[in-house]
Amino acid sequence: MSRLRTAALVGNPNAGKSALFNALTGARQKIANYPGVTVERKAGRMILPSGEPVELVDLPGAYSFDPSSPDEEVTRKVVHGEFAGEATPEVLIVVLDAANLEQHLVFAQEVIALGRPTVVALNMIDLAERDGLVLDPAALSEALGVPVVPTVAVRRRGLEELTAAIASAEERALVNEALHQPRRTLAERRFTAASIARGAILSESAQHRLHAGLDRVLLHPWFGPLILFGFLFVMFQAVFAWATPFADALESLAGMMADTINDTMGAGFLRDLITQGVIAGVGSVVVFLPQIVILFAFILAMEASGYMARAAFLMDRMMQGVGLSGRSFIPLLSSFACAIPGIMATRSIADPKDRLTTILIAPLMTCSARLPVYAVIIAAFIPHTTVGPKGFEVIGLQGLVLFGLYVAGIIGAMGAALVLRRTVTKGGASGFIMELPRYQMPLLKDLAIGLWQRAWIFLRRAGTIIFTVTVALWVLLSFPRAAPGESQVEASIAGQLSKGLAVVVEPIGFNREIALALIPAMAAREVAVSSLATTYAVDAPDEDAAAQGLATQLSSKWSLPTALAFLAWFVFAPQCLSTIAVTRRETNGWKWPLFMLAYLFALAYVFAGLTFWIATALGL
């Protein structure tokens, strides 16, 4: 028999491979990059029980031999003997996290199926036992067909048994040629991994059993998505139901401030600026702070509890259907808060076509800046009532419409991804496996800090971008002064500037005030609300009319088809300059930002028009 010369550690990231590598090689290590790539290469000398040295290579963490990152590509090539200048490992040492066995067995099966001499290191067994999980290495060895050695790398437990198993791995492989199995699909490996993991568990704590039970329900291929969408439905119901008293209080406060200013200051430029520009404009956006806080409370709780990662896992199947992977879910979910961090989060996506597609559809996810727009239109046109089967009318209609708008954004994003992946970003979906964190109760302190940060970002936007644009619009709306009996908006500079756009958007049911609001809304979507509030305040015949809430004014001036078309426009329109700027930075040029602007404006115009024409035809 030939003398053993090389061995390699393989496994999922965070399985403890590097700790095991350090324990086996000690100070006998070399660190460099693999030729041609910047992936780190760690190699060292391990001593077998016979005293013979073996070169041990710590391969980059991987989830599959279908590579979706440079790390996984290096691991695949080295294991298969395809990496130039790198010797093919004679023995493969699969490192498993004992506390996360089912997940790690998915890749382990793929490695063992190669039919090469293989040893499994069941690592971090102490942490699994601390969590109340007792495993049977013998049962696991029988199921996998290779030796399984329990180890605790950081405490140097099990190293002698592991090196002995490595020394005899080649000999065992020769007498067990049945190890070479046909390659299974990912779904088959997941199913088998769950079965093997259950068979290897001798006992588990109540907490571990509870978490496993939760995963069986929440990650069920049929029940899991239903529970997820049910949770999201409740979230959007709460955004309206819980926020209404606080929003009403803020609106009353804005009204009292306007009344106080009108009563204490003489008529003139400064008073009009404060009441019509600042309070009517900026105040109309700030009243939606409670909805923003409630929305983020749910999102932060999902992240802190560990459910967010499971939601990404569930969405993987739907993502693959449109040519994306579950890796796109987190950036897209981040885009519910704001498209900018969502687009920046796409850096974690290794496949360039996958990443570009995710960037291009991120603005379609309903960011928090759209919430004030949706909320004011829904409050003005959708009755505050409940619907449902007879005798069970418990579903808030306003929350239902808001949920529908968010779903419309998701469907629009998936449809756009489907088209893009078959045209300009053509390519197949990449694989996706991710670590699932443990369930835990969110800490109130962490939630409070997160909510304060989100609220502060919203208020800072109101005090900077929205304030600046609103005041500038008020100035353009206020000069030159209209003659008696003439509309101030019609006579103003802004009114004259909006005439060209008004002609373009008139066929889809938009009026002059909407055309006027769309231009400054390019700075930030919330500005559409403040622009409408300022425009109607400037054009109001008296102070009482100007003091009316924006929702009240809209319901008396707009038709229902126009309001629905306005909502459809905001589902698709890319109205945020910051999003365009960050897209340019992430794609290194203007080609894709301009493409994104063109296709999103086209979608917004078409769907707003369809909504207006169909609603008008139905007599709404």
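The exercises below, each with a worked solution, concern a predicted model.

**Exercise 1. Helix α10**

Determine how the span of helix α10 relates to the expected value, and list which of its residues are buried.

Step 1. Helix α10 runs over residues 223-241 and has 19 residues.

Step 2. From its first C-alpha to its last, α10 reaches 26 Å, close to the 27 Å expected at 1.5 Å a residue.

Step 3. Buried means under 20% relative accessible area. The residues of α10 that are buried are Gly224, Leu228, Leu232, Phe233, Met235, Phe236, Gln237, Ala238, Val239 and Phe240.

Step 4. An α-helix has 3.6 residues a turn, so residues three or four places apart point the same way. Leu228 and Leu232 are among the buried residues of α10.

**Exercise 2. Record against model**

Find which segments the UniProt record annotates as "transmembrane region", and state the helix content over residues 222-243 and 394-420.

Step 1. The annotation comes from an unreviewed UniProt entry and covers residues 222-243, 278-302, 356-382, 394-420, 458-477, 563-582 and 594-615.

Step 2. For residues 222-243, the chain is 86% helix and 0% strand, with the end C-alpha atoms 32 Å apart.

Step 3. For residues 394-420, the chain is 89% helix and 7% strand, and 40 Å separates the end C-alpha atoms.

**Exercise 3. The largest pocket**

Characterise the largest pocket by volume, central residues, contributing helices and residue class.

Step 1. The volume of the largest pocket is about 1900 Å³. It is lined by 50 residues, of which Glu102, Gln103, Asp215, Leu219 and Leu436 are the closest to its centre.

Step 2. At least two lining residues come from each of α3 (101-112), α4 (125-130), α8 (186-200), α9 (206-218), α10 and α14 (307-321).

Step 3. The lining of the largest pocket divides into 28 nonpolar, 8 polar and 14 charged residues.

**Exercise 4. A hairpin**

Work out how strands β3 and β4 are arranged.

Step 1. Strand β3 (residues 40-47) pairs with strand β4 (residues 53-58) in the antiparallel sense over 6 bridges.

Step 2. Ile47 stands opposite Pro53 in β4.

Step 3. The two strands, β3 and β4, form a hairpin with 5 residues between them. In the turn, Gly51 has a positive phi of about 95 degrees.

**Exercise 5. Ala379**

Classify Ala379 by accessibility and locate it relative to Leu332.

Step 1. Ala379 belongs to helix α18 (residues 370-381).

Step 2. Ala379 counts as partly exposed because its relative accessibility is 43%.

Step 3. Ala379 and Leu332 are 47 residues apart along the chain, and their C-alpha atoms are separated by 27 Å.

Conventions: Residues are numbered from 1 along each chain as its sequence is written. This is a predicted model: local features need pLDDT of at least 70, side-chain atom pairs count only at pLDDT 80 or more; totals for chains, interfaces and linings use all residues. Side-chain values use heavy atoms; hydrogens and water are left out. Helices (H or I, at least four residues) and strands (E, at least two) are DSSP runs, numbered from the N terminus. The expected span of a helix is 1.5 Å times one less than its number of residues. Buried means under 20% relative accessible area, exposed over 50%, partly exposed in between (1.4 Å probe, protein chains only). On a 1 Å grid over the protein atoms alone, a cavity is a set of points where a 1.4 Å probe fits but cannot get out, and a pocket is an open set with protein on both sides within 12 Å along at least five of seven lines; lining residues have an atom within 4 Å of a point. Grid points are joined across faces, edges and corners, and a volume is the space filled by probe spheres set on the points. Ala, Val, Leu, Ile, Met, Phe, Trp, Tyr, Cys and Pro count as nonpolar, Asp, Glu, Lys and Arg as charged, and the others, Gly among them, as polar. UniProt positions are given in the numbering used here, feature names are shortened, and annotations may be inferred rather than shown by experiment. Two strands pair if DSSP finds at least two bridges between them.
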